[in-house]
Amino acid sequence: MTRDSDKKENEAEVKIEANKEAKLKAESANLRRLFTVAANSFDDIHRSMNREKNIDIQFNKIYEKAERLFKVDQEIKEIINFSDKEYDTMESYRDRFTEIRVIYEKNYNKHNES
């Protein structure tokens with residue numbers, strides 16, 4: 001009887017992990033979509049003439065979404081082994097955030113220091 005109960009317990013744990021993984025992957029996909037929308041909006045504002053007020057708001061939106069995205073990615077990374085494609089995707093979002101942060105800090109953050 002112990003083997004059967006151990007087997008059922010193990011199957012339940014595998015199912016719980018699979019559900020957690022699926023939930024985290026879905027959350028990550030949604031955050032990637034939201035991040036992309038916010039990043040594209042940042043680019044549009046950066047290129048436009050009316051940027052002072054909106055750029056700070058948009059950067060803060062991107063920053064918040066990036067933090068959430070990177071946290072979820074880390075949780076996924078802790079429970080599964082990323083494929084090369086998944087790892088590259090994760091890194092591309094980190095790189096994109098770094099590019100945006102550098103542009104913001106170089107061009108706009110100076111106004112907050114005055």
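**Entry 1: Lys65.** I began with the contacts of Lys65 in this predicted model, and, leaving aside residues up to four places away in sequence, I found that Lys65 touches Leu34, Phe35 and Ala38. Lys65 itself sits in helix α2, which runs over residues 52-79. I then looked for a charged partner and noted that Lys65 is buried but has no salt bridge, the nearest side chain of opposite charge being Glu64 at 4.0 Å.

**Entry 2: Glu64 and Arg68.** I followed Glu64 next and saw that it forms a salt bridge with Arg68, with the closest N and O atoms 2.6 Å apart. Both residues belong to helix α2 and stand four residues apart, about one turn of the helix. I looked up their accessibility as well: Glu64 is partly exposed at 30%, and Arg68 is partly exposed at 36%.

**Entry 3: other salt bridges.** I counted eight salt bridges in the structure. In one of them the side chains of Glu21 and Lys25 meet at 3.3 Å, N to O, and these two residues are four apart in helix α1, separated by about one helical turn. I also noted that Glu21, Lys25 and Glu86 are linked in a network of salt bridges.

**Entry 4: the largest pocket.** I turned to the largest pocket, whose volume is about 170 Å³, and found Lys25 and Glu86 among the residues that line it, along with others including Asp73 and Phe82. Helices α1, α2 and α3 each supply at least two lining residues, while α1 gives the most, with four. Sorting the lining by class, I recorded four nonpolar, two polar and five charged residues.

Key
Residues numbered from 1 in each chain as written. Predicted model: local features only at pLDDT ≥ 70, side-chain atom pairs only at ≥ 80, totals over all residues. Heavy atoms only, no water. Buried < 20%, exposed > 50% of the residue type's maximum accessible area, 1.4 Å probe, protein only. Lys, Arg positive; Asp, Glu negative; His and termini not counted. Contact = heavy atoms within 4.5 Å. 1 Å grid on protein atoms, 1.4 Å probe; cavity = no way out; pocket = protein on both sides within 12 Å on 5 of 7 lines; lining within 4 Å. Points joined across faces, edges and corners; volume = space filled by probe spheres on them. Nonpolar A, V, L, I, M, F, W, Y, C, P; charged D, E, K, R; others polar.
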